[in-house]
Amino acid sequence: MVNELADQVAVVTGAASGLGRGIAQRFAAEGARVVIADVETEGGQALADALGPNAVFQRTDVSDPEQVSALVAAAVQTFGDLHIMVNNAGVSGPLRRLLDDDFADFHRVMAVNVLGVMAGTRDAARHMAAHGGGSIINLTSIGGIQAGGGVMTYRASKAAVIQFTKSAAIELAYHEIRVNAIAPGNIPTPILASSAGDMDPQDLERFEARIRQGMRDDRPLKREGTPDDVAEAALYLAGERSRYVTGIVLPVDGGTVAGKVIRSRKRD
């Protein structure tokens with residue numbers, strides 16, 4: 001479809017890089033006016049400049065509810081409305097065993113990944129409820145669906161996003177506000193490197209390669225996932241094609257959470 005989001009106003013948090021950047025670019029390509037929110041001023045402003053007059057940058061730390069409220073207000077003031085809210089901003093913590101975890105990252109991870117999503121949903125919904133509804137899309141992770149070792153706080157935060165999304169979908173349906181979640185998995189983004197701590201570049205490269213290979217081994221589909229795949233899912237949930245869809249968690253993971261790959265049989 002062409003200009004699927006024409007005349008729509010969207011906010012995308014964490015849009016300076018990674019999945020958020022891909023979503024913002026796709027929305028803009030489909031005719032939306034986009035507010036790019038991030039703590040990374042240089043990358044966020046550069047993206048807004050590249051997207052042209054229908055995009056603006058608003059520096060926002062989503063762990064601060066007051067800044068989230070200001071973000072929504074700025075979107076409405078700049079473009080006159082708000083139809084789509086994508087709560088994408090997220091952080092990880094260091095990859096370590098539970099017995100070695102001091103939980104030093106707990107409050108920051110929860111503030112960004114959970115409180116930021118909750119505040120973004122609330123403030124967007126306050127406007128949408130008075131203006132005919134809208135679509136709210138929260139980014140979780142297959143780490144919130146599928147249990148595993150390491151990054152325990154991150155996994156807990158993403159599981160919380162799932163439960164919150166479903167609960168908000170039930171409550172906000174009365175106002176014609178749809179609330180859905182996307183659970184990406186096995187898609188190269190900078191967040192994996194952030195969990196590696198202060199490794200030197202060569203060790204970091206080997207670490208990422210080992211983790212990525214493990215992800216490939218667990219993924220039924222052979223092709224690599226990309227930010228564009230997540231952007232396609234976000235476009236679907238943002239637009240009219242999903243007008244009867246709310247409260248879902250959509251994995252974009254090459255089938256990883258569907259089950260383990262059986263590799264005992266060789267293909268002909």
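A residue counts as buried when its relative accessible area is under 20%, and Glu30, at 6% relative accessibility, therefore falls in that class. The structure is a predicted model, and a search of the whole of it finds 11 salt bridges.

**Helix H2 and its surroundings**

- Helix H2 spans residues 41–51, and within it Gly44, Leu47 and Ala48 are buried; seen down the axis of H2, its buried residues fall within an arc of 100 degrees, so they line one face of the helix.
- An α-helix has 3.6 residues a turn, so residues three or four places apart point the same way.
- The other side of H2 carries Glu42, Asp49 and Ala50, which are exposed.
- Among the elements that cover the buried residues of H2 are helix H1 (18–29), strand S2 (33–38) and strand S3 (55–59).
- Gly52, which comes just after H2, takes a positive phi of about 95 degrees.

- Side chains of opposite charge can pair when their charged atoms come close.
- Arg241 and Glu4 form a salt bridge in which the closest N and O atoms are 2.8 Å apart; Arg241 lies in the loop between helix H8 (227–238) and strand S7 (249–252), while Glu4 lies in the segment before strand S1 (9–13), so the pair ties together parts that are 237 residues apart in sequence.
- Of these two partners, Arg241 counts as partly exposed at 43% relative accessibility, whereas Glu4 counts as buried at 16%.
- Asp61 and Arg108 meet through their side chains in a salt bridge with an N to O distance of 3.4 Å; because Asp61 lies in the loop between S3 and helix H3 (65–79) and Arg108 in helix H4, the pair ties together parts that are 47 residues apart in sequence.
- Asp61 counts as buried at 18% relative accessibility, whereas Arg108, at 41%, counts as partly exposed.
- Glu30 forms a salt bridge with Arg26, the closest N and O atoms being 3.0 Å apart, and Arg26 is partly exposed with a relative accessible area of 24%.
- Arg26 and Glu30 are also linked with Glu232 in a network of salt bridges.

**Nonpolar surface patch**

- Leu98, Phe103, Phe106 and Met152 make a nonpolar surface patch of about 340 Å².
- Phe103, one of the residues of this patch, lies in the loop between strand S4 (84–87) and helix H4 (106–129), and Phe103 is partly exposed, with a relative accessible area of 42%.

Conventions:
Residues are numbered from 1 along each chain as its sequence is written. This is a predicted model: local features need pLDDT of at least 70, side-chain atom pairs count only at pLDDT 80 or more; totals for chains, interfaces and linings use all residues. Side-chain values use heavy atoms; hydrogens and water are left out. Buried means under 20% relative accessible area, exposed over 50%, partly exposed in between (1.4 Å probe, protein chains only). Helices (H or I, at least four residues) and strands (E, at least two) are DSSP runs, numbered from the N terminus. The arc is that of the directions from the helix axis to the C-beta atoms. Contact means heavy atoms within 4.5 Å. Patches are made of residues with over 30% relative accessible area and no salt bridge: like charges are joined within 9 Å, nonpolar side chains (Val, Leu, Ile, Met, Phe, Trp, Tyr) within 5 Å. Accessible areas come from the Shrake-Rupley method with a 1.4 Å probe; for residues, only the protein chains shown count as cover. A salt bridge is a side-chain nitrogen of Lys or Arg within 4 Å of a carboxyl oxygen of Asp or Glu.
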